[in-house]
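I opened this notebook to keep track of what I looked up, one topic at a time.

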Amino acid sequence: MTDKGTTGQGCFEDISFTNLSNTCGCPSPRMGHSAVEYGNKMWIYGGSCPGTAFDELHCFDPATELWWAIMFQSQEEESDDKDDDKDDNSCRRKKDKDSMMLDDENACWKRREYGEEAEVSMSGRGGHSAVVLKDWMYVFGGNTTSQTFNDLWKINLNKINKQIEEQTHMKQQMNNKNEANSNPLSIRSCSEWYKYLEKRPRHLPTSIGHNAVAIGDKLIFYGGRDLFRLRNCFNEGVIIFDTKQDTWLHLNMDCAGRTGQAAIPHENGILFLGGVGEEGELREDKVGFLNLTSSLMQLNSLKQ
């Protein structure tokens, strides 16, 4: 599919949309999932279809046109574990409960756990936000068919990316790219999800359809709504999370609630456009800018 656009000042180059030939291992149809870029790859998390919310992490490498399904401990426990000892490239873990805990008893983050500790396992979700900061992907909020979340999770993509690079190199050495293109690829992750367990700000809103951007060491969340509270309760203000200090700041700002808008980081704030308001009206305002300079300085002062 190609299109050539024109303006009063000149012509655009041809814009082409290409359907990649290799769809083997591609995630099933879904909506409300997130996509981030890390290591020159696209990482897809979550999403939903009617009646189902996914907890899957997928990676697409445009250099090889290969999809990778990232498998975690809980997903593998549901399958046959007989080949565990045969997989030299797998990440081996202890099964005891204590091995899943961080060394620091007072740590703010806790690894995803299973079995008896299922209360801290990550639920599948759509409508969440995802953003990359350094080597970590952070996921906030989202919803299932019956619940909207205000939890924060993170996972180290650097570790998984190295695994994928190693596996890709091995396949290229074996010269079996054609075989790889015809078989779904999966990798057992050496990284797990961590959940932020420290007390969050009072009235931290549950949210879907919000934006997440990273500025410095801080995550900024703007907009969104709670799908299951009074008339789709819209969130006003901005939430800031400092990843170095593990501290939250919830700002009640003079800006109308909205969801479904687009936003990017710009200097010490957010540029945003569009979205839907509380009455279902489309926002027809021009590009907006939320200046967060003073708020970011407030968080920085807490470190001193």
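The entries below cover the ground rules, a sheet, the nonpolar cores, the cysteines and some single residues.

**Ground rules.** I noted that this is a predicted model, in which local features need pLDDT of at least 70, side-chain atom pairs count only at pLDDT 80 or more, and totals for chains, interfaces and linings use all residues. Residues are numbered from 1 along each chain as its sequence is written, and side-chain values use heavy atoms, with hydrogens and water left out.

**Sheet.** I looked up an open sheet of four strands, whose order is β17-β18-β19-β20 with antiparallel pairing. Strands here are DSSP runs of E, at least two residues long, and helices are runs of H or I of at least four residues, both numbered from the N terminus. Two strands pair if DSSP finds at least two bridges between them. β17 (211-215) and β20 (247-251) are the edge strands; each has a single partner strand, so one side of each has no neighbour in the sheet. Neighbouring strands of the sheet are turned by 20° against each other on average, direction ignored; the axes are lines fitted to C-alpha atoms, for helices over the stretch in contact, and angles run from 0 to 180 degrees between N-to-C directions.

I then checked β19 (residues 238-242), which runs antiparallel to β20 and is joined to it by five bridges. V238 has L251 of β20 as its bridge partner.

D246 lies in the loop between β19 and β20. I found a positive phi of about 55° there, although D246 is not a glycine. D246 counts as buried because its relative accessible area is 18%; buried means under 20%, exposed over 50%, and partly exposed in between (1.4 Å probe, protein chains only).

**Cores.** Which residues have the most contacts inside the largest nonpolar core? I found I70, M137 and W193, in a core of 22 residues. Such a core is a set of buried Ala, Val, Leu, Ile, Met, Phe, Trp, Tyr and Cys residues joined through side-chain atoms within 4.5 Å. Among the elements giving two or more residues to this core are β9 (57-61), β10 (66-71) and α2 (157-173). Another core, of 16 residues, lies apart from it and includes W109, L204, F221 and I239.

E65 sits in the loop between β9 and β10. Its phi is positive, near 60°, and E65 is not a glycine. E65 is partly exposed, at 28% relative accessibility.

**Cysteines.** I counted zero disulfides, meaning pairs of cysteine sulfur atoms within 2.5 Å. C59 is buried at 0% relative accessibility, while C49 is partly exposed at 27%.
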